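This briefing goes through one structure by topic, and the sequence and coordinates that it refers to are shown next.

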Amino acid sequence: MKVLRWTGAELRDRAAELAALLADTVAGGASVGFLAPLTRAEAAAWWRERAAEAAAGRLAVWVAVDGTGRVAGTVSLARPDKPNSRHRAELVKLMVHRSARGHGLGRHLLATAEHAAAADGITLLHLDTETGSPAEHLYRSAGWTEAGTIPDYALSPAGELRGTTLYFKRPATPAPGRRSTATG
């Protein structure tokens, strides 16, 4: 599995590949901001809309591609645009295709984003995830700290209200003289 950071142009030009992953994630019931059914056309349009953010440096997107060239996973870091919050980033859209789960890819993508954040001077990461979801185990086991839960925060892909749990982590600072290799 190869993990690469994609540019804004790659997001725009390869949106259909990412759309297949996003549609699979939503079809599998993961709460990543969309309702089912999500068409590939809708998913591709969403990814294309992210291209400008990536080109401007406000969004970093890493994509895991398997040996056949298929997109198997992704993770992103969203940087705020406010001057008082440039020290932090939000971890967003950590997704692994259902056929690629159970092999550590989610953990690898999470570590890639964490290492890249530290190398870029980010001192605080945060995220939210559906309360009670399998993702919570991943974040806790990777050293993320639960900050609290908000009830009835968002609709699940099936349209049911679900709570969200907020997490944060201070990424480890890379050793002096070492650059992150996580940016692809």
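This is a predicted model: local features need pLDDT of at least 70, side-chain atom pairs count only at pLDDT 80 or more; totals for chains, interfaces and linings use all residues.

**Backbone, pocket and helix notes**

Lys 93 has its place in strand 4, and although Lys 93 is not a glycine, its phi is positive, at about 50 degrees.

Backbone geometry
- With a relative accessibility of 21%, Lys 93 counts as partly exposed, because that class lies between 20% and 50%.
- Asp 152, which is found in strand 6, is a residue other than glycine with a positive phi, here near 50 degrees.
- The relative accessibility of Asp 152 is 52%, so Asp 152 counts as exposed, the cut-off being over 50%.
- The peptide bond that joins Ala 36 and Pro 37 is cis, with omega at about -5 degrees, and Pro 37 lies in the loop between helix 2 (15-27) and helix 3 (40-55).

The largest pocket
- The largest pocket holds about 960 Å³ of space, and of the 37 residues that line it, Val 32, Leu 94, Thr 129, Ala 135 and Tyr 139 are the closest to its centre.
- Two or more lining residues come from each of strand 4 (88-96), helix 4 (105-119), strand 5 (124-130), helix 5 (134-141), strand 6 (145-155) and strand 7 (161-169).
- Strand 4 gives the largest share of this lining, with seven residues.
- By residue class, the lining of the largest pocket is made up of 16 nonpolar, 14 polar and seven charged residues.

Helix 4
- Buried residues of helix 4 include Leu 105, Leu 109, Leu 110, Thr 112, Ala 113, Glu 114 and Ala 117.
- After helix 4 comes Gly 121, which has a positive phi near 85 degrees.

Lys 169 and its surroundings
- Lys 169 is found in strand 7, and its relative accessibility of 14% means that Lys 169 counts as buried, since the limit for that class is under 20%.
- A polar atom of the Lys 169 side chain lies 2.4 Å from the backbone oxygen of Ala 142.
- When residues up to four places away in sequence are not counted, Lys 169 touches Glu 114, Leu 124, Leu 125, Ala 142, Gly 143 and Trp 144; of these, Glu 114 is itself one of the buried residues in helix 4.

Definitions and conventions:
Residues are numbered from 1 along each chain as its sequence is written. Side-chain values use heavy atoms; hydrogens and water are left out. On a 1 Å grid over the protein atoms alone, a cavity is a set of points where a 1.4 Å probe fits but cannot get out, and a pocket is an open set with protein on both sides within 12 Å along at least five of seven lines; lining residues have an atom within 4 Å of a point. Grid points are joined across faces, edges and corners, and a volume is the space filled by probe spheres set on the points. Helices (H or I, at least four residues) and strands (E, at least two) are DSSP runs, numbered from the N terminus. Ala, Val, Leu, Ile, Met, Phe, Trp, Tyr, Cys and Pro count as nonpolar, Asp, Glu, Lys and Arg as charged, and the others, Gly among them, as polar. Buried means under 20% relative accessible area, exposed over 50%, partly exposed in between (1.4 Å probe, protein chains only). A polar contact is a pair of N or O atoms within 3.5 Å; within protein, one must be able to donate a hydrogen and the other to accept it, and residues adjacent in sequence count only if both atoms are side-chain atoms. Contact means heavy atoms within 4.5 Å.
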